[in-house]
Amino acid sequence: MTYAVQWTRSLLFSLTIYVLMAIVGIVFLPYALVVRDGAMNTCKMYARAVIWLARWMIGLRFEVRGTPPTYPCMIAAKHQSFMDVMFIYQLLPRPRFIMKRLLLYAPVLGWFAWRAGCIPVDRGKKGRAIKDMLARVKAGDAEAGQLCIYPQGTRVAPGALMPYKKGTAALYADLGQPVVPVATNVGVFWPKRGVYRKPGTAVFAFLDPIPPHEPLRPFLHRLEVAIEGESDNLAREAGFPMPTRPLFPPEEEGTPV
């Protein structure tokens, strides 16, 4: 298949999923606002529709390795593209993402995020928002779930280096829950920028959980080694020309907290 043909298919795919997002958002808004799990169910339905469309429109398939958790925990995932948000979301029984409070004011999107149980935070007040969420769970006003975070804080292309943020360790300490690292190579096929989507099989690997209450510096180091090491392996498996590189410059090994 020529690059031009795949690029055209990729463009049509992108247009289709954004039009579908608008239609689903408008049609299912009453359901999302009235039914307790309506927004979450709608978001999962949309994500699964995108996964199905990706298979036949652009030749992109997905594979899960390991076992997605069904118990309360923190999911610390590699973030390479828009797709990894949707794919992880539809796998988990009750996912929760941290979001900027400003997004609550976005028409339709903000309402769905709020009703789906996302945690709105103001800049610099993430810890307080997490503690409020845990208090609501203990009081029976909210159900426990899987808190999904991206330790690097943004999308990072395969092979690129970016430090893990200290806030990840702070959340780990506050939650007192196991952390499940998730590695992926989806950025090889669905890059951070651009229209082109490469056909193939994107893998999401759920790795061994890290138990709670470990010292924070070893925890963050262990998390980074697990996610970056396996994500690099998956990228090589997909044929991406990954450079051979140490995961940590000597002066940053065991990222300080």
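Predicted model: local features only at pLDDT ≥ 70, side-chain atom pairs only at ≥ 80, totals over all residues.
Which residue of E7 is the bridge partner of Ala183? The partner in E7 turned out to be Ala205. I then noted the strands to which this pair belongs: strand E6 covers residues 179-184 and strand E7 covers residues 200-206, and they pair in the antiparallel sense over three bridges.

**Entry on the sheet**

I next looked up the sheet as a whole, and found an open sheet of seven strands in the order E1-E7-E6-E2-E5-E3-E4, with mixed pairing. Its edge strands are E1 and strand E4 (119-121), each of which pairs on one side only. From one strand to the next, I recorded a twist that averages 25°.

**Entry on strand E5**

I turned to E5 and wrote down its pairings on both sides. With E2 the pairing is in the parallel sense, over four bridges, and here Cys73 has Gln146 in E5 as its bridge partner. E3 also runs parallel to E5, the two being joined by three bridges, and in this case Pro95 has Gln146 as its bridge partner in E5. I also checked how E5 is covered, and noted that both of its faces are: Gln146 and Cys148 are buried on one side, and Leu147 and Ile149 are buried on the other.

**Entry on helix H3**

After H3 comes Gly59, for which I wrote down a positive phi, near 75°.

**Entry on helices H7 and H9**

Which strands does H7 lie across? I found strand E2 (73-77), E3, strand E5 (146-149) and E6, with H7 running at about 165° to E2. I then looked at H7 (residues 166-175) together with helix H9 (residues 216-237), whose axes come within 10 Å of each other and cross at roughly 115°. The crossing in which H7 passes H9 is right-handed. On the side of H7 the contact is made by Thr168, Ala169, Tyr172 and Ala173, and on the side of H9 by Leu216, Phe219, Leu220 and Leu223. Sorting the residues of this contact, I noted seven nonpolar, one polar and no charged.

**Entry on two loop residues**

Is Thr67 buried or exposed? I first placed Thr67 in the loop between E1 and E2. Its relative accessible area is 64%, and because exposed means over 50%, Thr67 is exposed. I also noted that Thr67 and Val180 are 113 residues apart in sequence, yet 9.9 Å apart in space from C-alpha to C-alpha.

Although His213 is not a glycine, it has a positive phi of about 70°. Its relative accessibility is 67%, so His213 also counts as exposed.

Conventions:
Residues numbered from 1 in each chain as written. Heavy atoms only, no water. Axes fitted to C-alpha atoms, helices over the stretch in contact; angles between N-to-C directions. Left-handed = near helix turned anticlockwise from the far one by under 90°. Contact = heavy atoms within 4.5 Å. Nonpolar A, V, L, I, M, F, W, Y, C, P; charged D, E, K, R; others polar. Pairing = 2+ DSSP bridges. Buried < 20%, exposed > 50% of the residue type's maximum accessible area, 1.4 Å probe, protein only.
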